[in-house]
Amino acid sequence: MSEAISKEKVKLQIIKTLHIISAFMLIVLGVSISIDTFSNISYLTGDTYMKIQLWICIYFLLSLFIEFILSKKKSKFFWNNIIFILISIPYLNIFQALEINFSAEVKYFFRFIPLIRGGYALGFVIIMLSRKKISGLFFSYILILLSLIYFYSLIFYVFEHEINPDVNSYFDALWWAAMGATTTGSNIIAITPVGKILSVITAISGITMFPFFTVYVTSLVQRKVAFQGKKVKSKIE
């Protein structure tokens, strides 16, 4: 019995370690995209990011394979994680090797797909490190929302800054993304098709995620009031 428990602890520790490394890989991908963007390196010709993404995607697939081996119900694990398997595939590298050509917009979109896998791992790590599950979920949502705002601003900047007279610097794009996510809107109007589509996606992301913040704060206040009520009642008694 104790041996079985020990094995389960080892498996859990391995899975935790894999997710922590995956979360770190997310940071590496984000930094790589940011460096290319702010250095004006074309996302169509830059090779550094392509190499980094290839090895990180290989790690993502390897970590999923290890989790698959460790899982008791392998069929269930496979179907529960099929989306994460698909988004861990290095599509850009495959397209490049097979000389498959797509539009610039499609290629840039595929750059961000592996970030979804890393974002899931980061959320897992935050929940794992949090003492309370609800707090872990809350901080995961906040971090994911901030990450989305940042990456939306990068995409918007890349496609709009040379065309849109209102986007003179990256901070204009960041302002646009932040205002769009809070659904208040900004004075910057998208001109390119990518920018217009992104405007809709940014607003939907904000509408979807901000209610969780409201629910969490309301729940926190209710628990605080209930706790104070119990203290007052105990003093009276």
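Reader: Is serine 153 buried or exposed?

Author: Buried means under 20% relative accessible area, exposed over 50%, and partly exposed in between (1.4 Å probe, protein chains only). Serine 153 has a relative accessible area of 0%, and therefore counts as buried. Please note that this is a predicted model, in which local features need pLDDT of at least 70, side-chain atom pairs count only at pLDDT 80 or more, and totals for chains, interfaces and linings use all residues. Residues are numbered from 1 along each chain as its sequence is written, and side-chain values use heavy atoms, with hydrogens and water left out.

Reader: In which helix is serine 153 found, and which residues does serine 153 touch?

Author: Helices are DSSP runs (H or I, at least four residues), numbered from the N terminus; serine 153 lies in helix 8 (residues 133–160). Contact means heavy atoms within 4.5 Å. Leaving aside residues up to four places away in sequence, serine 153 touches Tyr170, Ala173, Leu174 and Ala177. The side chain of serine 153 also reaches the backbone oxygen of tyrosine 150 at 2.4 Å.

Reader: Which residues of helix 9 are buried?

Author: They are Tyr170, Ala173, Trp176, Ala177, Met179, Gly180 and Ala181. Just after helix 9, threonine 183 takes a positive phi of about 65°.

Reader: How many helices and strands are there in the chain?

Author: A strand is a DSSP run of E, at least two residues. The chain has 10 helices and zero strands. Of its 237 residues, 36% count as buried.

How values were computed
A polar contact is a pair of N or O atoms within 3.5 Å; within protein, one must be able to donate a hydrogen and the other to accept it, and residues adjacent in sequence count only if both atoms are side-chain atoms.
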